[in-house]
Amino acid sequence: MPGIDGLTAEESAIVELVREFVDRDVKPVVAELEHANTYPAQLIGQMKQLGIFGLAIPGPWGEAHVSTPCYALVTEELARGWMSLAGAMGGHTVVAKLLLHYGTPEQQQRYLPRMATGQIRAAMALTEPGGGSDLQAMRTTARRDGDRYVISGTKTWISNARHSQLVALLCKTDPAAQPPHSGISIILAEPGPGFVVSRDLPKLGYKGVESCEISLEEFRAPATALLGSREGEGFAQMMRGLETGRIQVAARALGVARAALEDALRYAQERESFGKPIWQHQSVGNYLADMVTKLTAARQLVLHAARRLDAGQRADMEAGMAKLFASETAMQITLDAMRIHGGYGYSTEFDIERYFRDAPLMIVGEGTNEIQRNVIVRQLIGRNSVAP
C-alpha cells in the first residue's frame, strides 16, 4: 500500500521510525555534541540498531533494503537532526553500491553482511591534496608486486577515516595509461601497516564526524582487493557510485534546509514586533513563502533522480541537478532563516548558526557545484545532440 511520497507502507514506517529517533534522541543532545566536536558514538550505535547502515544492501546480505527514494528521505530525516549523522553513512552506502554492482562474489560475501549491520563501516577515498575535482590527475599509485598491490600516495577529506574498517581507494594501477582514466582502479583497503590517518582536518561545520588526510606509505593490499576482476575500470565504477553519493548529499541538504525552515516558521509565529507576529510582516512572510517553495522543488528533484536510478536508467544528470539545486537551496534557506531570527540567528544558543555552517559542505562536497554544472550540460547536449 503506497505511503508517503509513493513509498510502500513498510518504507513509510522506516522513515517515521528515523524521524522519531531524531526527535527523541538526536535533537536534545546535538548542540552539546556539535559545539564540543564530539564523535557521536552512542547515536551511531543506535543507527546500527535501527538498521540504517544496511538500507542500501539487499538480500541475501541485508535484511532492511529500501528503495533509493526511501533512502533519500531517511537521509533527510537524519540531516534534519544533525547533518553529521547523515554524513556518517554516506560514503558507506556508496561503497556498498560499488560492491553490489562490481564486486566479485567473494568480495560481496566478505563485506556486505557485516556492512549491513554496521559491524563494518566503509569510506571512500578519492580526493588528493593537489587534485581536488580533477580525479584523473591523481598521484596515488597501486603497483602490482606478485600477489599484492603496493600503494603509495595521499588522500584527503576522507570522512569517517578513523572509524572505517574498509576504504575504497581510487588509485592509478597504470600511471602511463592514455586516456588517464583508463589506468584507474579501486582497491578495497582494510587499514593496516602503511595506512596512516595522518591528521584530522579542521572544519567550519560537519562537526563530530572526522574528515581526515590519509598517507599511504608502501601500503600492501592483496591482489584480491581489486574491485571486480580487471584493472582500469575504477573511474567508471566510481562515477556510477557517485550517482548514489550525489543523491545522498542532496538529501542531506534537504534535511538541513528543512530544519532551518521549521525553526524559522516556529520563531516567526512566536516572535512579535509592532504588535503582531513577525510572519505577518510582508518581508518575513515572503521569506517563508520562498523557502518552502524552493525546498519542495528541491525534494522533487531529489526523488526524481532517485526513482530514475532505481529504474536502471543513467542518472548522472539528474543526480547532478538534484545536488546542485538542493545544496544551493539549503544555503539560501539557512541564510534567510538567520535573517528571520535576527541577532538570535547569529547566537550559538540557537541552532540556526549550525545549519548555516553545515550547508556549504553540500555545495563543495561530492563534486563541487561547478563540476555538477559541467556534468549537467554535457549530458544535456549528449541527450539532445543536433549533430548528424
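Which residues make a nonpolar surface patch of about 260 Å²? Select Val377, Leu380 and Ile381, which form it. Patch members have over 30% relative accessible area and no salt bridge, with nonpolar side chains (Val, Leu, Ile, Met, Phe, Trp, Tyr) joined within 5 Å and like charges within 9 Å. A salt bridge places a side-chain nitrogen of Lys or Arg within 4 Å of a carboxyl oxygen of Asp or Glu. Areas follow the Shrake-Rupley method with a 1.4 Å probe, and for residues only the protein chains shown count as cover.

This is a predicted model, in which local features need pLDDT of at least 70 and side-chain atom pairs pLDDT 80 or more, while totals for chains, interfaces and linings use all residues. Residues are numbered from 1 along each chain as its sequence is written, and side-chain values use heavy atoms, without hydrogens and water.

Stay with leucine 380, in helix H12 (residues 369-383). Helices (H or I, at least four residues) and strands (E, at least two) are DSSP runs numbered from the N terminus. Leucine 380 counts as partly exposed because its relative accessibility is 38%; buried means under 20%, exposed over 50%, and partly exposed in between.

Next, select helix H9 (residues 282-310). Its 29 residues reach 42 Å from first C-alpha to last, close to the 42 Å expected at 1.5 Å a residue; the expected span is 1.5 Å times one less than the number of residues. Among its buried residues are Leu288, Met291, Arg299 and Arg308. The cover over the buried residues of H9 includes H4, helix H8 (234-270), helix H10 (316-341) and H12, where contact means heavy atoms within 4.5 Å. Just after H9, glycine 312 takes a positive phi of about 80°.

Now turn to the loops. Most residues other than glycine have a negative phi, and most peptide bonds are trans. Phenylalanine 274, between strand E8 (272-273) and strand E9 (276-277), has a positive phi near 55° and is exposed at 78% relative accessibility. Tyrosine 206, between strand E6 (195-200) and strand E7 (211-222), has a positive phi near 50° but is buried at 4%. Select glutamine 178 and proline 179 to see a cis peptide bond, with omega near -5°; proline 179 lies between strand E4 (166-172) and strand E5 (184-189).

The structure holds zero disulfides, a disulfide being a pair of cysteine sulfur atoms within 2.5 Å. The cysteine sulfur nearest to that of cysteine 171 belongs to cysteine 212, 18 Å away. Cysteine 171 is buried, at 0% relative accessibility.

How values were computed
Buried means under 20% relative accessible area, exposed over 50%, partly exposed in between (1.4 Å probe, protein chains only).
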